[in-house]
Amino acid sequence: MTVRPIRYLGDPVLRQPAKRVRQVDDAIRRLIGDMIESMHAAQGVGLAAPQIGVPLRVVVLGIPDEEPFALVNPVIVRQSGTRRMEHEGCLSVPGYRGSLTRADRVVVRGLDEQGKERRIRAEGNLLAQALQHEVDHVNGVLYVDRLDSRDDLVKLDGTDWATAQPVQEPAALAQQETQSAAADGVAR
Ligand code: NI
C-alpha cells in the first residue's frame, strides 16, 4: 500500500463529480488500501478518492478506535434533523476550520470492498458528520461551500486556536490555493 499525496483546494479534480465504479475488483481494493494508508498518514478520519487525484466514487472512513472501512458508490438514502458542526476540517483545505449545519442522522448505502451492499446508519456523532463530508467530496462539494457566513471559517496559525482568525473571504481561498500551487511548481 502506498501513501499518495493529498490534492488541495484549487485542484480541479476536487470539483468534478466523480465517476461511478462499475465493478469492485482488485484495482479498486488496491485503491482502497492506498486511501486508508493515506488517510492515516494525514491523520484524517475520512478520505475520498478525488482527494488523491482519482475521480472515482470511493470513500474511506477511519473513526478513532473503530475499524476503517470503505464505501464504493456511496449515496445518502435518508437524512433527518440538523446539527451544528463546529470546526469541521478537510485534508484538502489545510489550515482552516469551518462551522456549518449538517443532518443529524443519515443512512448511507454503498458497496464494501467485496462488492457487497452495505447500509451505514449514524446519528449525532463523528461518523454521521464524516459520511456527509465524504459523500460531498465525490459530488465535487467541499465543506467551505456549505458555510452560512464568512465568519464561520477560521484560519489556524499552526495549532494555536487562540490566534485563529475568521477568514473574511472564503471564496478567495480557491484562487489563493491555485496560485500557491503554481508558485510551488507542484504537479497536481
Ligand atoms: Ni475533506
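In this predicted model, the nickel ion picks up three protein donors, namely Cys90 through SG and His133 and His137 through NE2, at 2.1 to 2.3 Å. Along the chain these donor residues follow the pattern C-x42-H-x3-H. Cysteine 90 sits in the loop between strand S4 (83-88) and strand S5 (96-102), while histidine 137 belongs to helix H2 (residues 126-138), so the pair ties together parts that are 47 residues apart in sequence. Cysteine 90 and histidine 137 are both buried.

Turning to the sheet, five strands line up as S1-S2-S3-S6-S7 in an open, antiparallel arrangement. S1 and strand S7 (117-123) take the edges with a single partner strand each, so one side of each has no neighbour in the sheet. From one strand to the next, the twist averages 35°. At the S1 end, three bridges hold the antiparallel S1 and S2 together, and alanine 48 stands opposite valine 59 in S2.

Both helices lie on this sheet. H2 lies across S1, S2, S3, strand S6 (105-111) and S7, at about 160° to S2. H1 lies across S1, S2 and S3 and runs at about 40° to S2. The 16 residues of H1 (residues 26-41) span 22 Å from first C-alpha to last, close to the 22 Å expected at 1.5 Å a residue. Its buried residues include Ile28, Leu31, Ile32, Met35, Ile36 and Met39, and their cover includes strand S1 (46-48), strand S2 (58-61) and strand S3 (69-80). As for the ends of H1, aspartate 25 caps the N-terminal one, with a side-chain oxygen 3.2 Å from the backbone nitrogen of alanine 27. After H1 comes glutamine 43, with a positive phi near 60°.

Notes. Residues are numbered from 1 along each chain as its sequence is written. This is a predicted model: local features need pLDDT of at least 70, side-chain atom pairs count only at pLDDT 80 or more; totals for chains, interfaces and linings use all residues. Side-chain values use heavy atoms; hydrogens and water are left out. Donors are N, O and S atoms within 2.8 Å of the metal (3.2 Å for Na, K and Ca); water is not among the atoms, so sites may look incomplete. Helices (H or I, at least four residues) and strands (E, at least two) are DSSP runs, numbered from the N terminus. Buried means under 20% relative accessible area, exposed over 50%, partly exposed in between (1.4 Å probe, protein chains only). The expected span of a helix is 1.5 Å times one less than its number of residues. Contact means heavy atoms within 4.5 Å. A polar contact is a pair of N or O atoms within 3.5 Å; within protein, one must be able to donate a hydrogen and the other to accept it, and residues adjacent in sequence count only if both atoms are side-chain atoms. Two strands pair if DSSP finds at least two bridges between them. Axes are lines fitted to C-alpha atoms, for helices over the stretch in contact, and angles run from 0 to 180 degrees between N-to-C directions.
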